[in-house]
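User: I have a chain on screen and want to go through its fold and contacts. Can we take it step by step?

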Amino acid sequence: QVQLVESGGGLVQAGGSLRLSCAASGRIVSINVMGWYRQAPGKQRELVAAITSGGSTNYADSVKGRFTISRDNAKNTVYLQMNSLKPEDTAVYYCNADAVVVTSPRSYDYWGQGTQVTVSS
């Protein structure tokens, strides 16, 4: 019902920056929360940052002050600006959307395919 397409991952040196984008498409009525999660090898998937349709944000302690999440509601797109990257930020980053679609009155979670972020030391 909802497709999430991520872009912007890649390889960067420690201290560098990357910007991730995620565009949602489909039979969308509304998107309540959009967020970014990440999963490093051998670790559980964890929340990086999330943003509501009203602009309220939430960040993992490990990225506060370095990452900024934003969204364009008109484009159903969420961004993650990542600065001062560290090797421990290396992971697959997944986009998530809590969306309502035309065929159902309740919201469901949708996930992107993931984009690799690698930070070299």
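The turns below cover the fold, the disulfide, the core, the aromatic contacts and one hairpin.

User: What kind of model is this, and how many helices and strands does the protein chain have?

Analyst: This is a predicted model. Read along the sequence, the pattern is β-β-β-β-β-β-β-β-β-β-β. The count for the protein chain is 0 helices and 11 strands.

User: What is the radius of gyration of the protein chain?

Analyst: The C-alpha trace spans about 45 × 25 × 20 Å along its principal axes. For 121 residues the globule rule gives 14 Å, and the chain comes close to that, so it is as compact as a globular protein of that length. The radius of gyration is 14 Å.

User: What share of the 121 residues is buried?

Analyst: Buried here means under 20% relative accessible area. Over the 121 residues of the protein chain, the buried share is 43%.

User: Which residues does the disulfide join?

Analyst: The cut-off for a disulfide is 2.5 Å between cysteine sulfur atoms. The count comes to 1 disulfide. Its S to S distance is 2.1 Å, and it joins Cys22 to Cys95.

User: How many residues apart in sequence are the parts that this pair ties together?

Analyst: Cys22 lies in strand 3 (residues 18-26) and Cys95 in strand 9 (residues 91-101). Therefore the pair ties together parts of the chain that are 73 residues apart.

User: Is the link of Cys22 and Cys95 left-handed or right-handed?

Analyst: Both Cys22 and Cys95 are buried. The angle about their S-S bond is -85°. That makes the link left-handed.

User: Is strand 8 mostly covered or mostly open?

Analyst: Strand 8 has 6 residues. Of these, 5 are buried. Strand 8 is mostly covered.

User: Which residue in strand 8 stands opposite Cys22?

Analyst: Strand 3 and strand 8 pair antiparallel, over 6 bridges. Cys22 is in strand 3. Its opposite residue in strand 8 is Val78.

User: Which residue in the turn between strand 7 and strand 8 has a positive phi?

Analyst: Strand 7 and strand 8 run antiparallel, joined by 6 bridges. Asp72 has Thr77 of strand 8 as its bridge partner. The two strands form a hairpin with 4 residues between them. The turn residue with a positive phi, about 50°, is Asn76.

User: What is the geometry of the aromatic pair of Tyr37 and Trp111?

Analyst: The count comes to 1 aromatic pair. Its ring centres are 5.0 Å apart, with 65° between the planes. Over 60 degrees counts as edge-to-face. So the pair of Tyr37 and Trp111, at 65°, is edge-to-face.

User: Are Tyr37 and Trp111 buried or partly exposed?

Analyst: The pair links distant parts of the chain, with Tyr37 in strand 4 and Trp111 in strand 10 (residues 107-111), 74 residues apart. Tyr37 has 24% relative accessibility. Trp111 has a relative accessible area of 37%. Tyr37 is partly exposed, and Trp111 is also partly exposed.

User: Which residue has its charged end over the rings of Tyr94 and Trp111?

Analyst: Over Tyr94, the charged end sits 3.8 Å from the ring centre. Over Trp111, it sits 4.7 Å from the ring centre. In both cases the charged end belongs to Arg45.

Conventions
Residues numbered from 1 in each chain as written. Predicted model: local features only at pLDDT ≥ 70, side-chain atom pairs only at ≥ 80, totals over all residues. Heavy atoms only, no water. Buried < 20%, exposed > 50% of the residue type's maximum accessible area, 1.4 Å probe, protein only. Phe/Tyr/Trp six-rings, centres within 6.5 Å; stacked < 30°, edge-to-face > 60°. Lys NZ or Arg CZ within 6 Å of the ring centre and 35° of its normal. Pairing = 2+ DSSP bridges. Rg over C-alpha atoms; globule rule 2.2 N^0.38 Å.
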